[in-house]
Amino acid sequence: MGGRGPAPHAGSAVPSPLLPAPTASPCRVPEHPNQAPAFLLECDSSVLGALQKHLALHKIRRKVTVEQCPELCVWALLPPSPEEAGTAALLRGQESAAILTPDPRTACMGWRLLAQDEGPALVSGGRLGDLQDYHRHRYQQGVPEGVHDLPPGVALPLESNLAFMNGVSFTKGCYIGQELTARTYHMGVIRKRLFPIQILGPLPVGGIAPGSTVLTESGQAAGKYRAGQGDVGLALLQAEKIKGPLHIRTAESGRVALTVSVPDWWPTTTK
């Protein structure tokens, strides 16, 4: 989706918990002479129409054009190792054909590439990977994305760790939910967070249903399973209960154990 108006610095990106698309990410388009300022907005494809209506509702009478850009593809460039997270470059002569910008959420998510052509062919050393590998990587890193991980009207910014991913501003306003978000942030008490989890042992037939209750060894509720892929995923859990044994009861009257991890890229004060 493309639009024209104020935006981040040219070539940069920033995540934004816009409703109804909680993982919308605007990226400033590099400016050229005689061209109006513009930016691109990446979002979950399932809410593209809803987001377009949402933006049109709030532009009021401003001279802003909001339109879809179906000719552009979004590629994720994952670093082969954490040490190489900050290195990526377009091939010589391809600078005008694509936009390459660091993923604004965390360095371990590498880079985002917007281009009309095949993405890997534009990047030095790039090779085509599997989309499932991308989702597994971000679940292991505790990075939510899209409406399954961040359900509109359910996911709260601070519980979803969006403040860790440059997705919440505490210096500008106003926005819906600003007072609650700011008050919670300044009080410094966030009892529940979205944690990366890994399922131990065989997965139940049909997987684990979103919203399944996560229980402690004594049967107390510790939180709820949010979403995942295979044996990795995300769960909204009470921070004080993540260190003990946890499990989920399945539809087949069984139970599957799980472990919780705290991502290395989180601020040390939250660990």
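Here, contact means heavy atoms within 4.5 Å, and helices (H or I, at least four residues) and strands (E, at least two) are DSSP runs, numbered from the N terminus. This is a predicted model: local features need pLDDT of at least 70, side-chain atom pairs count only at pLDDT 80 or more, and totals for chains, interfaces and linings use all residues. Residues are numbered from 1 along each chain as its sequence is written, and side-chain values use heavy atoms, with hydrogens and water left out.

**View 1. Helix H2 and its cover.** Within H2 (residues 131–140), look for the buried Tyr134, His135, His137, Arg138 and Tyr139; buried means under 20% relative accessible area (1.4 Å probe, protein chains only). Among the elements covering these buried residues are strand S5 (73–77), strand S7 (111–115) and helix H3 (146–149).

**View 2. The two ends of H2.** At the start, a side-chain oxygen of Asp130 comes to within 2.7 Å of the backbone nitrogen of Gln132. After the helix comes Gly142, with a positive phi near 75°.

**View 3. The barrel.** Six strands form a closed barrel in the order S8-S11-S10-S9-S12-S13, with antiparallel pairing; two strands pair if DSSP finds at least two bridges between them. S10 and S11 are joined in the antiparallel sense by six bridges, and Tyr225 has Ala235 in S11 as its bridge partner.

**View 4. The largest nonpolar core.** Such a core is a set of buried Ala, Val, Leu, Ile, Met, Phe, Trp, Tyr and Cys residues joined through side-chain atoms within 4.5 Å. This one has 31 residues, and Ile197 and Trp265 are among those touching the most other members. S11 gives the largest share, five residues.

Key: Buried < 20%, exposed > 50% of the residue type's maximum accessible area, 1.4 Å probe, protein only. Polar contact = N/O pair within 3.5 Å; in protein donor to acceptor, adjacent residues only side chain to side chain.
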